[in-house]
Amino acid sequence: MPVINSKAIYLQLADKIMDGILSGEYPSGERLPSVRDYAASVEVNSNTVMRTYDFLQQRGVISNKRGVGFFVDAEARQTILELRRSQFFNEETPYFFNRLKQFEVSSRELAEMYQNYLKNQQ
């Protein structure tokens, strides 16, 4: 069964752009596609993309050079990591820890699972 994303479209686009920044698709200082071009490429209304860009600008991920376009901020990568880390700890971990408690997973078991996960990622 496919996962349904309940986030607003402009937030889904913001996530996509932030993923692009983290992956290097949009390097620090690089100009983002124009609102119109990006809207056409993702097949949404230009107003939705403008809302996405405004959202990212308010969070310090991108900046607007009036008449030139939107650019990836120098500290965008660190800003995104801080935003996502905060979101993770505030929104996802309470559910995760509750499930661990329900399943009676000890902190030792969890630590071992995480260590094994890290070892297998190398």
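This is a predicted model: local features need pLDDT of at least 70, side-chain atom pairs count only at pLDDT 80 or more; totals for chains, interfaces and linings use all residues.
**Reading surface, pockets and charge pairs**

User: Where does L118 lie, and which residues make a nonpolar surface patch with L118?

Analyst: L118 belongs to helix 5, residues 107-121. Helices (H or I, at least four residues) and strands (E, at least two) are DSSP runs, numbered from the N terminus. Together with Y114 and Y117, L118 makes a nonpolar surface patch of about 310 Å². Patches take residues with over 30% relative accessible area and no salt bridge, joining like charges within 9 Å and nonpolar side chains (Val, Leu, Ile, Met, Phe, Trp, Tyr) within 5 Å.

User: How many salt bridges does the structure hold, and which residues do they link?

Analyst: Side chains of opposite charge can pair when their charged atoms come close. A salt bridge requires a side-chain nitrogen of Lys or Arg within 4 Å of a carboxyl oxygen of Asp or Glu. The structure holds 3 salt bridges, and K7, D15, D19 and R84 are linked in a network of them. K7 meets D15 at 2.5 Å, N to O. D15 also pairs with R84, at 3.8 Å, N to O. This pair links distant parts of the chain, since D15 is in helix 1 and R84 in helix 4, 69 residues apart. R84 pairs with D19 as well, at 2.7 Å, N to O. Because D19 lies in helix 1 and R84 in helix 4, the pair ties together parts that are 65 residues apart in sequence.

User: What is the relative accessibility of K7, D19 and R84?

Analyst: K7 counts as partly exposed at 30%, R84 as partly exposed at 25%, and D19 as partly exposed with 40%.

User: Which residues line the largest pocket?

Analyst: On a 1 Å grid over the protein atoms alone, a pocket is an open set of points where a 1.4 Å probe fits, with protein on both sides within 12 Å along at least five of seven lines; lining residues have an atom within 4 Å of a point. The lining of the largest pocket includes K7, D15 and R84, along with L11, M18 and F55. Helix 1 (9-23), helix 3 (46-58) and helix 4 (76-102) each give two or more residues to this lining, and helix 4 gives the most, with 4 residues.

User: Which residues line the second largest pocket, and which helix gives the most?

Analyst: F96, L110, A111, M113 and Y114 line the second largest pocket. Helix 5 gives the most, with 4 residues. Y114 is also one of the residues of the surface patch.

User: Where does E43 lie, and what is its phi?

Analyst: Most residues other than glycine have a negative phi. E43 has a positive phi of about 60° although it is not a glycine, and lies in the loop between helix 2 (35-42) and helix 3. At 74% relative accessibility, E43 counts as exposed. E104 has a positive phi near 55°. E104 is found in the loop between helix 4 and helix 5, and is exposed, with a relative accessible area of 70%.

Definitions and conventions: Residues are numbered from 1 along each chain as its sequence is written. Side-chain values use heavy atoms; hydrogens and water are left out. Accessible areas come from the Shrake-Rupley method with a 1.4 Å probe; for residues, only the protein chains shown count as cover. Buried means under 20% relative accessible area, exposed over 50%, partly exposed in between (1.4 Å probe, protein chains only).
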